[in-house]
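Open the model in your viewer and keep the selection tool at hand.

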Amino acid sequence: MIIESAEVVVTSPDRNFVTLRLTTDDGLVGLGDATLNGRERSVVAYLAEHVAPLLVGRDAHRIEDTWQFLYRGAYWRRGPVTMAAIAAVDVALWDLKAQAAGMPLYQLLGGASRTGLLAYGHASGPSLPSLFESIHQLLEEGYRAIRVQTSVPGLSKVYGVGSSALYEPAGRVPMPVEEDWDSRSYLRHIPGVFEAVRAEFGPSLPLLHDVHHRLTPIEAARLGKELEPYDLFWLEDCTPAEDTSALRLVRQHTTTPLAIGEVFNSVYDYRSLISERLIDYVRSAVTHTGGITHLKRILEYAGQYGIKSGIHGPTDISPVGMAAALHLGLAVHNFGIQEYMKHGALTDSVFSQSFTFTDGLLHPGSAPGLGVGLDLDAAGRFPYQTAYLPINRLKDGTLHDW
Ligand code: GCO
Ligand code: MG
């Protein structure tokens with residue numbers, strides 16, 4: 001199974017996606033997601049200029065060797081651009097191998113460890129009634145676990161709160177939009193929101209919350225402690241991700257479970273967090289962490305410490321990246337939960353998909369490989385559009401973590 005061509009496809013149905021498309025001499029087509037929200041073209045260049053020429057003529061079966069060739073062989077290791085590019089190659093190769101074997105990919109990863117993957121959806125609202133309505137809507141769609149985000153009095157725009165059902169943080173804008181932030185207002189407001197949600201929806205519904213890297217360690221410790229009565233499934237990214245030692249302090253103060261890692265890209269980002277048992281869930285995306293090969297390693301390491309998966313699945317992960325997450329999640333022993341934000345209709349018209357969502361559980365389906373197809377004609381109808389994630393400023397203009 002020799003790779004004959006490696007093509008980078010950029011398309012923007014609803015939003016931008018970068019897909020690596022490998023074809024082999026057997027006539028198989030393998031897909032990998034390389035979407036890096038707001039920085040898409042950097043990965044396009046990395047793949048097209050430096051990686052695609054190296055792939056042509058290689059044996060597509062040699063997944064591990066190709067991974068090491070692109071990682072060790074580049075000398076310059078890690079980082080979101082490099083690891084998204086390697087992830088795309090890795091996932092496309094797994095897709096090809098599973099198609100060649102005539103099996104859905106999870107079979108090659110050890111087979112199913114469960115019947116389906118518990119998924120959480122995103123509820124949000126500027127007010128309590130609208131938040132409740134959004135939660136009711138998700139429950140009607142079948143979700144059995146809900147992420148709760150809400151506006152904060154005095155702030156004009158807060159992460160995770162959408163004006164429509166489809167929340168999309170990256171705007172098709174020439175410059176990043178500015179949002180505002182005040183940690184004290186946020187900390188005063190959030191515990192009351194969870195108290196109200198528990199009172200309305202009862203004690204058993206798994207509830208999650210994303211702080212989006214905005215608090216200091218002591219502020220995060222206070223929030224975790226104050227949320228304990230509301231029994232969160234997890235508190236996500238409570239402090240800036242690169243300062244992993246911050247979670248030591250948070251952990252000393254609260255039993256609220258902690259999740260982190262959507263901006264990590266290597267097992268080395270997790271090493272002390274896992275070995276010191278400072279987190280409960282690994283949030284990495286297959287797309288940003290070197291693919292299935294590398295995320296599987298991270299999850300196996302985490303499993304030794306009772307830490308579970310919570311694979312990143314916002315709309316900026318393409319249907320190809322989502323499918324990879326579902327196959328991996330179905331196979332690993334220490335699956336925790338899968339984030340599932342539905343894509344828009346235009347995206348679904350470009351990417352055909354075989355996964356199912358039934359009674360709150362996702363399943364990757366039984367099609368050989370990943371089970372995702374890319375319609376090149378449809379993709380061509382949606383050219384790249386400049387888009388940026390927002391930035392965040394405090395009231396005095398200081399730039400804050402978004
Ligand atoms: C999440 C994430 C996303 C990110 C987005 C940035 O938990 O789903 O925080 O919403 O903001 O992936 O590109
Ligand atoms: Mg997040």
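Is Thr244 buried or exposed? Select Thr244: its relative accessibility is 19%, so it counts as buried (under 20% relative accessible area; over 50% is exposed and in between is partly exposed, with a 1.4 Å probe and protein chains only).

A word on the model: it is predicted, local features need pLDDT of at least 70, side-chain atom pairs count only at pLDDT 80 or more, and totals for chains, interfaces and linings use all residues. Residues are numbered from 1 along each chain as its sequence is written, chains are lettered from A and ligands numbered from 1 in the order written, and side-chain values use heavy atoms, without hydrogens and water.

Stay on Thr244. It sits in the loop between strand E8 (234-236) and helix H8 (246-253). Helices (H or I, at least four residues) and strands (E, at least two) are DSSP runs, numbered from the N terminus. Now show Phe264, Asp269, Ser272 and Leu273: leaving aside neighbours within four places in sequence, these are the contacts of Thr244 (heavy atoms within 4.5 Å).

Next, select the magnesium ion (ligand 2). Its protein donors are Asp210 (OD), Glu236 (OE) and Glu262 (OE), 2.0 to 2.2 Å away. Donors are N, O and S atoms within 2.8 Å of the metal (3.2 Å for Na, K and Ca); water is not among the atoms, so sites may look incomplete. Asp210 lies in strand E7 (207-210) and Glu262 in the loop between strand E9 (258-260) and helix H9 (267-275), so the pair ties together parts 52 residues apart in sequence. Both Asp210 and Glu262 are buried.
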